[in-house]
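Let's walk through a structure together, looking at its side chains. Have your viewer ready.

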Amino acid sequence: QAQVQESGGGLVQPGGSLRLSCAASRSFFRLYFMGWDRQAPGKERERVAHFNSDGSIYYTKSVNGRFTISKDVATNTVYLQMNDLRPDDAAVYYCGAPGTSQWGQGTQVTVSS
């Protein structure tokens with residue numbers, strides 16, 4: 001089980017914003033370049049954003065310009081700021097370490113009016 005815990009999901013109207021948080025253990029945070037995945041019902045799991053080892057950041061095309069991944073090294077926390085949310089952003093969002101099986105339990109994001 002990954003040493004991370006996601007929070008911040010919920011119900012938001014289209015066009016609204018949410019900030020997801022991922023609290024990691026100190027060792028996990030320091031070991032891995034972390035990221036966010038999501039999975040909607042009936043769809044494949046999708047990488048939303050992640051940190052690369054060279055300092056760059058990856059965003060999937062559909063969220064580029066609307067979502068921002070960030071991290072706080074003092075608290076071992078990774079965030080996903082989501083703006084201008086759309087119905088097709090609704091999914092369970094998972095935090096973890098890309099390329100590994102180390103992912104959290106997920107937090108539900110619902111976008112509906």
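Predicted model: local features only at pLDDT ≥ 70, side-chain atom pairs only at ≥ 80, totals over all residues.

Residues are numbered from 1 along each chain as its sequence is written, and side-chain values use heavy atoms, with hydrogens and water left out.

Let's start with the sulfur atoms. A disulfide is a covalent bond between the sulfur atoms of two cysteines; here it is assigned to a pair of cysteine sulfur atoms within 2.5 Å. Searching the whole structure gives one disulfide, formed by cysteine 22 and cysteine 95 with their sulfur atoms 1.9 Å apart. The pair links distant parts of the chain, 73 residues apart: cysteine 22 belongs to strand β3 (residues 18-24) and cysteine 95 to strand β9 (residues 91-96). Strands here are DSSP runs of E, at least two residues, numbered from the N terminus. The torsion about the S-S bond is about -75°, so this disulfide is left-handed. Cysteine 22 is buried at 0% relative accessibility, and cysteine 95 is buried at 0% (buried means under 20% relative accessible area, exposed over 50%, partly exposed in between, with a 1.4 Å probe and protein chains only).

Now for the rings. Phenylalanine 28 and tyrosine 32 form a tilted aromatic pair, 4.7 Å centre to centre with 55° between the planes. Rings of Phe, Tyr and Trp (its six-membered ring) pair if their centres lie within 6.5 Å, and planes under 30 degrees apart count as stacked, over 60 as edge-to-face and the rest as tilted. Phenylalanine 28 is buried at 3%, whereas tyrosine 32 is partly exposed at 26%.

Note on methods: Helix = DSSP H or I, 4+ residues; strand = E, 2+ residues; numbered from the N terminus.
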